[in-house]
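Trainee: I would like to learn how to read a structure like this one. Please take me through it feature by feature.

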Amino acid sequence: MKLAEALQERADLNRRIQQLQQRLSTNAIVQEGESPAENPQELLTELDGCVSNLESLITRINLTNCQTLVEGENLTALLARRDALKLKLSAYRDLVYSASQLGRRATHTEIKLLSTVNVKELQKQVDAQARDLRLLDNSIQSANWATELM
């Protein structure tokens, strides 16, 4: 199984676990004399199996990420860099958006708002960061489809 397939399976298991939790909640209480639509014990057994499979899969994914090198760096480091870059890019985008909202004055007596940063320069940085993130994500995705799961 390729690493990318394992990641898809992990996402499916997470969705399945979430659905099982909702179904358990729905069937936890019934009116006296009624039966639940689904047997909570069976749902719990299924949940336990899914969680166990997820634990095993996550372990294998993490081991594979640690041992897979892309341009001299392991996937774990690249994933951390991608997450950090996403956070940074989000903050920069928010700043550019906020700094661009100068507002319109109806009269000369209204308070004039000024940007405290150079929006044009920040936008160039945002564009460069977005490009770097795309390239990094492409490298990670390529490695995911080329790497066998351990």
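**Helix ends and helix faces**

Mentor: Start with a cap: Asn74 caps the N-terminal end of α3, with a side-chain oxygen 3.1 Å from the backbone nitrogen of Thr76. That is a polar contact, a pair of N or O atoms within 3.5 Å; within protein, one must be able to donate a hydrogen and the other to accept it, and residues adjacent in sequence count only if both atoms are side-chain atoms. Helices (H or I, at least four residues) and strands (E, at least two) are DSSP runs, numbered from the N terminus. The model is predicted: local features need pLDDT of at least 70, side-chain atom pairs count only at pLDDT 80 or more, and totals for chains, interfaces and linings use all residues. Residues are numbered from 1 along each chain as its sequence is written, and side-chain values use heavy atoms, with hydrogens and water left out.

Trainee: What lies at the start of α2?

Mentor: Asn39 is there, with a side-chain oxygen within 2.7 Å of the backbone nitrogen of Gln41.

Trainee: How many residues does α2 have, and how far does α2 reach?

Mentor: Compare the reach with the expected span, which is 1.5 Å times one less than the number of residues. α2 has 28 residues and reaches 40 Å from first C-alpha to last, close to the 40 Å expected. For α3, 26 residues reach 37 Å, close to the 38 Å expected.

Trainee: Which residues of α2 are buried?

Mentor: First, the general idea. An α-helix has 3.6 residues a turn, so residues three or four places apart point the same way. Buried means under 20% relative accessible area, exposed over 50%, partly exposed in between (1.4 Å probe, protein chains only). In α2 the buried residues are Leu43, Leu47, Cys50, Leu54, Leu57, Ile61, Thr64 and Asn65. They pack against α1 (3-26), β2 (73-74) and α3 (75-100).

Trainee: And which are buried in α3?

Mentor: Leu75, Leu78, Arg82, Leu85, Leu89, Val96 and Ala99 are buried there. The buried residues of α3 pack against α1, α2, β1, β2 and α4.

**Single residues**

Trainee: What does Leu20 touch?

Mentor: Contact means heavy atoms within 4.5 Å. Leaving out residues up to four places away in sequence, Leu20 touches Leu43, Glu46, Leu47 and Cys50. Leu20 is found in α1. Its relative accessible area is 0%, so Leu20 is buried.

Trainee: Where is Val96, and which residues is Val96 in contact with?

Mentor: Val96 is in α3. Setting aside neighbours within four places in sequence, Val96 is in contact with Val119, Leu122, Gln123 and Val126. Its relative accessible area is 7%, so Val96 is buried. From Val96 to Val117 is 21 residues in sequence and 8.4 Å in space, C-alpha to C-alpha.

Trainee: Is Thr68 buried or exposed?

Mentor: Thr68 counts as buried because its relative accessibility is 9%. Thr68 sits in the loop between α2 and β1. The side chain of Thr68 reaches the backbone oxygen of Thr64 at 2.7 Å. Not counting residues up to four places away, Thr68 touches Glu73, Asn74, Leu75 and Thr147.

Trainee: What is the phi of Glu71?

Mentor: Most residues other than glycine have a negative phi, and most peptide bonds are trans. Phi of Glu71 is near 50°, a positive value in a residue other than glycine. Glu71 lies in the loop between β1 (69-70) and β2. With a relative accessible area of 78%, Glu71 is exposed.

**Cysteines and a pocket**

Trainee: How many disulfides are there?

Mentor: A disulfide is a pair of cysteine sulfur atoms within 2.5 Å. A search of the whole structure finds 0. Cys50 is buried at 10% relative accessibility, while Cys66 is partly exposed at 44%.

Trainee: Which residues line the largest pocket?

Mentor: Rolling a probe the size of a water molecule over the atoms shows where empty space is left. On a 1 Å grid over the protein atoms alone, a cavity is a set of points where a 1.4 Å probe fits but cannot get out, and a pocket is an open set with protein on both sides within 12 Å along at least five of seven lines; lining residues have an atom within 4 Å of a point. Here the lining includes Ala4, Leu7, Ile61, Asn65, Arg82 and Trp145. α4 gives the most, with 4 residues.
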